[in-house]
Amino acid sequence: MTHQLLDRIDQRTRLAGHNRLALLLFRLGPRQLFGVNVFKVQEVIPRPPLFTLPQLPAAFSGAADIRGRTVPVLDLARAIGHDTEGTADPGYLVVTEFNRSVQGFLVAGVDRIVNIAVEDIQPPPDMGGEGNYLTGVTRHQGELIQLIDVESVLAESSPRKSDVGSIVPLQPAAGSPQEVLVVDDSRVARNQIRSVLEQLGLPATLLSDGRQALEHLQQLAESGQAPHLRYAMVISDIEMPAMDGYTLTTEIRRDPMLRGLYVLLHTSLSGVFNHAMVERVGADDFVPKYSESELAQRIVERMNTLQRDN
């Protein structure tokens, strides 16, 4: 690994260890601030020339040549239905990498990078429209910041085909837990994971943030139910409001009533950061988003292990 990459990994792990999130702040119009996890961002550049590609979905504005690589480009304001009437065309391109792909988002202006305590990020209000593309809201120096769910934006602008033809349902194993706890703030990701679990014939409990999941597990334990006997595994995102997946895993390992749970971290961020964190926080495994076949394989492996142990 290069020194630059090692430095980026170290920066990521320091932030995760303190339940903090680094946000790149930008504007789609003259006023409202939006944010995206800076570790999804490769670079920000002035708007480059765009060219057309026949195979691009209609929602895309075109493609750009970024350092010899063809990158599909979305106008982010248009993609989420944000009103920019009377404003100039977006002047900057935010080049991102997540869900194993690289894409660019056109924005009006880039503001700065800030570090936010995850517990200060609240779930978005249920207001429809562009609110459907938010994963959280927070404030910094008195300004409201809306966190964009870029996974949902990309999924709706460029629907992806499943990478697996069919998943064979598992045979229920007597004496083994069958239910899976899914923790993810992205509605797209929750639906994708639920679809895999349904095809495997496994029931799921779906929650949207780490703190909610931890409280749920603690309540189970306090009521006399052993969480590891109810849940075969916890599949947790890493970026979430209130409590990130690294901190959730750490808290699970600290609690004697919860530490027996199997935790699979599942995230759109580049895998190099997350593999560096798995051992540190005590997760059992990590799989990058989003491959139905790979996720299904990890779930099947876990269920087969439980069956052998019982």
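## Tyr-231 and its surroundings

In this predicted model, Tyr-231 is in contact with Pro-177, Glu-179, Val-180, Leu-181, Thr-205, His-216, Leu-217, Leu-220 and Leu-261, leaving aside its neighbours within four places in sequence. The residue belongs to strand β13, which covers residues 231-236. Is Tyr-231 buried or exposed? Its relative accessibility is 1%, so it counts as buried.

The side chains of Tyr-231 and His-216 are joined by a polar contact of 2.7 Å. Thr-205 is 26 residues away from Tyr-231 along the chain. The C-alpha atoms of Tyr-231 and Thr-205 are separated by 9.3 Å.

## Two nonpolar cores

The largest nonpolar core has 26 residues. Which of them touch the most other members? They are Phe-26, Leu-28, Leu-76, Ile-80, Phe-105, Ile-148 and Val-153. Two or more residues come from each of β1 (20-27), β2 (33-37), α2 (76-80), β6 (92-98), β7 (101-107), β9 (134-140) and α3 (150-157). A second core is separate and has 24 residues, including Ile-238, Leu-258, Val-278 and Ala-283. In soluble globular proteins, nonpolar side chains tend to be buried together.

Leaving aside neighbours within four places in sequence, Phe-26 is in contact with Gln-32, Leu-33, Phe-34, Gly-35, Val-36, Leu-76, Val-107, Gly-109, Val-110, Asp-111 and Ile-148.

## Salt bridges

The structure holds 15 salt bridges. One of them pairs the side chains of Asp-111 and Arg-27, at 3.4 Å from N to O. Asp-111 sits in strand β8 (residues 109-117) and Arg-27 in strand β1, so this pair ties together parts that are 84 residues apart in sequence. Asp-111 counts as partly exposed because its relative accessibility is 32%. Arg-27 has 19% relative accessibility and counts as buried, the cut-off for buried being under 20%.

Arg-298 bridges to Asp-285, with the closest N and O atoms 2.9 Å apart. Arg-298 is in helix α9 (residues 292-309) and Asp-285 in strand β15 (residues 285-288), so the bridge ties together parts 13 residues apart in sequence. Arg-298 also meets Glu-294 in a salt bridge between side chains, at 3.1 Å from N to O. Both Arg-298 and Glu-294 lie in helix α9, four residues apart, about one turn of the helix. An α-helix has 3.6 residues a turn, so residues three or four places apart point the same way. Arg-298 is buried, with a relative accessible area of 18%, and Glu-294 is buried as well. Elsewhere, salt bridges that share partners join Lys-40, Glu-151, Asp-184, Asp-237, Glu-239 and Lys-289 into one network.

## Helix α7 and its start

Helix α7 runs over residues 245-254. Its buried residues include Gly-245, Tyr-246, Thr-247, Leu-248, Thr-249 and Ile-252. What happens at the start of α7? A side-chain oxygen of Asp-244 reaches to within 3.2 Å of the backbone nitrogen of Tyr-246.

## A nonpolar surface patch

Which residues form a nonpolar patch on the surface? They are Val-44, Tyr-92 and Val-110, with about 200 Å² of accessible area together. Val-44 is part of strand β3 (residues 41-46). With a relative accessible area of 33%, Val-44 is partly exposed.

How values were computed: Residues numbered from 1 in each chain as written. Predicted model: local features only at pLDDT ≥ 70, side-chain atom pairs only at ≥ 80, totals over all residues. Heavy atoms only, no water. Core = buried A, V, L, I, M, F, W, Y, C linked by side-chain atoms within 4.5 Å. Buried < 20%, exposed > 50% of the residue type's maximum accessible area, 1.4 Å probe, protein only. Contact = heavy atoms within 4.5 Å. Polar contact = N/O pair within 3.5 Å; in protein donor to acceptor, adjacent residues only side chain to side chain. Salt bridge = Lys/Arg side-chain N within 4 Å of Asp/Glu carboxyl O. Patch = residues over 30% accessible without salt bridge, like charges linked within 9 Å, V, L, I, M, F, W, Y side chains within 5 Å. Areas by Shrake-Rupley, 256 points an atom, 1.4 Å probe, with all protein chains shown as cover.
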